[in-house]
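Please look over the sequence and the model below before reading on. The paragraphs that follow lead from a pocket to the helices around it, and then to the charged pairs between them.

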Amino acid sequence: MNVIREAPLWLLEWRADALRRIEALRSKWRREREKLDLELETLTIEAGYSEQLSSLMEREEEAGASGNFEAREQIAVKVDEGLAAETQHHFMTQSDLNIRKLGALFHQQDLESRSFEEALTAQIVAVCRSASVGPVDEASLAERIEALANQAEAAFPKPGRFIPGSISLEAFAEEERRLWRVAQASMGDSERLHLAEALKLQLRRVDADWNAHEEQMHADYEAQRAEIEGRRVEERTLVATPSGPWKSKEKQSRLIHTAPIIQPEGTMNFASSSSDMGDLGDSEAMEVQLRQLDTAFAKAKAKVAYQKQNAVRWILRQNNRMLVQISAMERDKTFLSQHLEREEASLQTATRKVNAFTDLLVDGGNLPATLRMGHQEQTAGQPRSQGRGAIPRLALAKAKHLDHTNNSKSFFHGTTLPPLAK
């Protein structure tokens, strides 16, 4: 027997009103979270480095610019340590603040959830009393609620076997909410994966750019050496610009840039002018020029190696910063997902409680005759009489919004129960 189909109209209206109020409460909570989420994203703690760290970063840059690469490396190690400590402190402080604000909102919503449960229980008692039906057996109600939960789980198709129209809109919405909760809980792993791929592409690009630059430097060095030695100089060799997945416009639009890409730079002209040789003979002048060429080429290679090291270091620094930020955000999202699990369980229990109560009231056969007529019988034939003994119709509130206060009765404000059965 289709219990819902056999339910009297007044009970169906009470059920529909109760379910609407549950969804209204869900929507209210979602709007409150979205409002707070926007606030947390826009009103953040201002980031900044300490004077000590800023001074170290200036010294690091000066050492690199002067070519004192050994000193620069020593300072860079201290800068790395300072950046890691201050970045950790900044994002964890922000996360602590976020969790306090989220916790205050979730506490308020948990209180409302408990108040709604009390109001729903009071409504069920009032419906039974108004319909002259004895109190619902709690064990039977719990058993029916569990059966509805198992039925809903079994009805949802397995992944990859979804057939359009095979599930209800309610089940689809429930699955959509479940996927959203999973996305919040797994946010950290997902973002770390994306960041790792972006880092991999950036390092590949640095290698490709610097390899091409060094290859061009070597080609120019060989050409200048041949010119000094009086050998025939071919047309200048131009090394092709490296290409890779990072060159794709589509990739660039989606790539998470951990740091601006530093491009290799430096002169390709290593030799001194022959006019600087004075009275030296041709052979001596050539030897001097070759030594100068080799020295200039070695310095250029060292400078380019430093530039590449500097580029990689800043990419890794920014990557580490984003990893710390992800870890902090992961705390917030884990806290959120745990609350969403509690919220979903509470509202699903309330929904199934309404449906289970409706089933028990009709299926138990305890309704008085004047309140037991099925929905189809009520809507068929002549209009219902409004005199003595007529089937009562539940006049429900038409308010679009709930009055949310700490008073549990407010959740069902405006609901009119059926008159006492005669």
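**A pocket, its helices and their salt bridges**

Helix 2 (9-42), helix 4, helix 6 and helix 9 each supply at least two residues of the lining of the second largest pocket, where helices (H or I, at least four residues) and strands (E, at least two) are DSSP runs, numbered from the N terminus. The model is a predicted one, in which local features need pLDDT of at least 70 and side-chain atom pairs count only at pLDDT 80 or more, while totals for chains, interfaces and linings use all residues. Residues are numbered from 1 along each chain as its sequence is written, and side-chain values use heavy atoms, with hydrogens and water left out.

The secondary structure of the protein comes to 10 helices and zero strands. Of its 422 residues, 38% count as buried, a word that here stands for under 20% relative accessible area, with exposed meaning over 50% and partly exposed in between (1.4 Å probe, protein chains only).

The second largest pocket holds about 890 Å³ of space, and among the 29 residues that line this pocket, the closest to its centre are Asp37, Trp180, Gln184, Lys333 and Leu336. Pockets were searched for on a 1 Å grid over the protein atoms alone: a cavity is a set of points where a 1.4 Å probe fits but cannot get out, and a pocket is an open set with protein on both sides within 12 Å along at least five of seven lines, lining residues being those with an atom within 4 Å of a point. Grid points are joined across faces, edges and corners, and the volume is the space filled by probe spheres set on the points. Helix 9 gives the most to the lining of the second largest pocket, with nine residues. By class, this lining has nine nonpolar, seven polar and 13 charged residues, where Ala, Val, Leu, Ile, Met, Phe, Trp, Tyr, Cys and Pro count as nonpolar, Asp, Glu, Lys and Arg as charged, and the others, Gly among them, as polar.

How do the helices of this lining run relative to one another? The axes of helix 2 and helix 9 come within 10 Å and cross at roughly 175°, which makes helix 2 roughly antiparallel to helix 9. The residues of this contact of helix 2 with helix 9 divide into 16 nonpolar, five polar and five charged. Axes are lines fitted to C-alpha atoms, for helices over the stretch in contact, and angles run from 0 to 180 degrees between N-to-C directions; angles under 35 degrees count as roughly parallel, over 145 as roughly antiparallel, 65 to 115 as roughly perpendicular and the rest as oblique.

Helix 2 and helix 4 have axes that come within 11 Å and cross at roughly 175°, and these two helices are therefore roughly antiparallel to each other. For helix 4 and helix 9, the axes come within 11 Å and cross at roughly 5°, so that helix 4 and helix 9 are roughly parallel to each other. The contact of helix 4 with helix 9 has 24 nonpolar, 14 polar and 15 charged residues. Serine 113 has its place in helix 4, and at 10% relative accessibility serine 113 counts as buried. Serine 113 and leucine 347 are 234 residues apart in sequence, yet 8.0 Å apart in space, C-alpha to C-alpha.

Side chains of opposite charge can pair when their charged atoms come close. The structure holds 30 salt bridges, a salt bridge being a side-chain nitrogen of Lys or Arg within 4 Å of a carboxyl oxygen of Asp or Glu. One of them joins aspartate 80 to arginine 313, the closest N and O atoms being 2.7 Å apart. Because aspartate 80 lies in helix 4 (residues 69-130) and arginine 313 in helix 9 (residues 282-363), the pair ties together parts that are 233 residues apart in sequence. Aspartate 80 also meets arginine 317 in a salt bridge (2.5 Å, N to O), and this pair links arginine 317 in helix 9 with aspartate 80 in helix 4, 237 residues apart. Aspartate 80 counts as partly exposed at 27% relative accessibility, whereas arginine 313 at 11% and arginine 317 at 9% count as buried.

A further salt bridge brings together the side chains of arginine 352 and glutamate 174 (3.6 Å, N to O). Arginine 352 lies in helix 9 and glutamate 174 in helix 6 (residues 169-185), so this pair ties together parts that are 178 residues apart in sequence. Finally, Glu23, Arg26, Arg177, Arg181, Glu341 and Glu344 are linked in a network of salt bridges.
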